[in-house]
Amino acid sequence: LTYAVDHLVFRPEPWVAEVEYASALAGVHYKHLRRYQRVVERALSSPLCRKIICWSEAGRNSLLLDLDSKGFADKTQVIPLAVPAKQFVKKYDDTRVKLLFVGSGVTAASFVGRGGEIFEVFAELCKRYSNLEMVVRSDVPSPMKARYGGMANLRIIDTPISREALDAEFRSADIFLQPSYGTV
């Protein structure tokens, strides 16, 4: 069984597709989906395609509404790309506001696509608000780290930390940043 993320499998073997949204199966732009629509529909309708997993109802709807889905609608299932919320009591500190950005723990060089502008935005916000602090748990490109690493109220964690330490960062944060050009 092949597990394919945002692409089709054309080998004669059973496969499962994880699909963020319909056009991801044909390229970056929606126009590619229009061009290869029939190919995508045939592949997803094939009996070799056993399941189509989407992260959200919006992603599932993009498959069902952007394509002729009569051959594969029953194969689609939403499995949210998230974990259950952890219950805790938030302790607020009226003297500061903590921003938290967490990049991928497994995808090298993902920072630029997931949060490349956060340092510039933070620098601008700090000019207006003296009580901000930001923690970045991510790989950070060397030039950005050299430029912003010495900023007051900024902590960059660019090495792996324990789950407990990461949970503590989440619990102590006031605002979670997720600027992104994609979800991976």
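# Close-up views of the predicted model

**Figure 1. The ion pair of Arg11 and Glu13.** Glu13 counts as partly exposed, at 23% relative accessibility; it therefore does not reach the class of buried residues, which requires a value under 20%. The structure shown here and in the following views is a predicted model. The side chain of Glu13 meets that of Arg11 in a salt bridge, with an N to O distance of 2.9 Å. Arg11 is likewise partly exposed, and its relative accessible area is 47%. This pair is one of 13 salt bridges found in a search of the whole structure. Side chains of opposite charge can pair when their charged atoms come close.

Figure 2. Which residues of helix α2 are buried? Within this helix, which spans residues 37-45, they are Gln37, Val40, Glu41, Ala43 and Leu44. Viewed down the axis of α2, these buried residues fall within an arc of 165°, so they line one face of the helix. The face turned away from the buried side carries Arg38 and Arg42, both exposed. The cover over the buried residues of α2 includes the strands β2 (15-19) and β3 (49-54), together with the helices α1 (30-35) and α3 (57-66).

**Figure 3. Val40 and the largest nonpolar core.** The largest nonpolar core comprises 19 residues, of which Trp15, Val40, Leu44, Ile52, Leu63 and Leu67 touch the most other members. At least two residues of this core come from each of β2, α2 and β3. Another core, of 14 residues, lies apart from this one; Val136, Tyr148, Leu154 and Ile156 are among its members. Once its neighbours within four places in sequence are set aside, Val40 is in contact with Leu8, Leu25, Ala26, Leu33 and Leu67. In soluble globular proteins, nonpolar side chains tend to be buried together.

**Figure 4. The open sheet of four strands.** In what order do the strands of this sheet follow one another? The order is β1-β2-β3-β4, and the pairing is parallel. Strands β1 (2-5) and β4 (76-78) form the edges, each pairing on one side only. Direction ignored, neighbouring strands of the sheet are turned by 25° against each other on average. The parallel strands β1 and β2 are joined by four bridges, and Val5 stands opposite Glu18 of β2. Helix α3 lies across β2, β3 and β4 and runs at about 165° to β4.

**Figure 5. Strand β5 between its pairing partners β6 and β8.** Strand β5 is mostly covered, with five of its six residues buried. Its pairing with β6 is parallel and extends over six bridges; here Val102 stands opposite Arg137 of β6. Its pairing with β8 (residues 175-177) is also parallel and extends over three bridges. Phe101 has Leu177 in β8 as its bridge partner.

**Figure 6. The salt bridge of Arg96 with Glu133.** The side chains of these two residues meet at 3.6 Å, N to O. Arg96 lies in the loop between β4 and β5 (97-102), and Glu133 lies in strand β6 (residues 132-137), so the pair ties together parts that are 37 residues apart in sequence. Glu133 is partly exposed, its relative accessible area being 25%. Which residues are linked with this pair in a network of salt bridges? The network comprises Lys90, Asp93, Arg96, Glu133 and Asp174.

**Figure 7. The salt bridge of Lys145 with Asp158.** The N to O distance between the two side chains is 2.3 Å. The pair links distant parts of the chain, 13 residues apart: Lys145 belongs to helix α6 (residues 142-148), and Asp158 to the loop between β7 (154-157) and α7 (163-172). Both ends are partly exposed, Lys145 at 34% relative accessibility and Asp158 at 31%.

**Figure 8. Positive phi values at Asp6 and Asn153.** Although Asp6 is not a glycine, its phi is positive, at about 55°. Asp6 is located in the loop between β1 and β2. Asn153, also a residue other than glycine, has a positive phi near 65°. Asn153 is located in the loop between α6 and β7 and counts as partly exposed, at 43% relative accessibility.

Terms used. Residues are numbered from 1 along each chain as its sequence is written. This is a predicted model: local features need pLDDT of at least 70, side-chain atom pairs count only at pLDDT 80 or more; totals for chains, interfaces and linings use all residues. Side-chain values use heavy atoms; hydrogens and water are left out. Buried means under 20% relative accessible area, exposed over 50%, partly exposed in between (1.4 Å probe, protein chains only). The arc is that of the directions from the helix axis to the C-beta atoms. Contact means heavy atoms within 4.5 Å. A nonpolar core is a set of buried Ala, Val, Leu, Ile, Met, Phe, Trp, Tyr and Cys residues joined through side-chain atoms within 4.5 Å. Two strands pair if DSSP finds at least two bridges between them. Axes are lines fitted to C-alpha atoms, for helices over the stretch in contact, and angles run from 0 to 180 degrees between N-to-C directions. A salt bridge is a side-chain nitrogen of Lys or Arg within 4 Å of a carboxyl oxygen of Asp or Glu.
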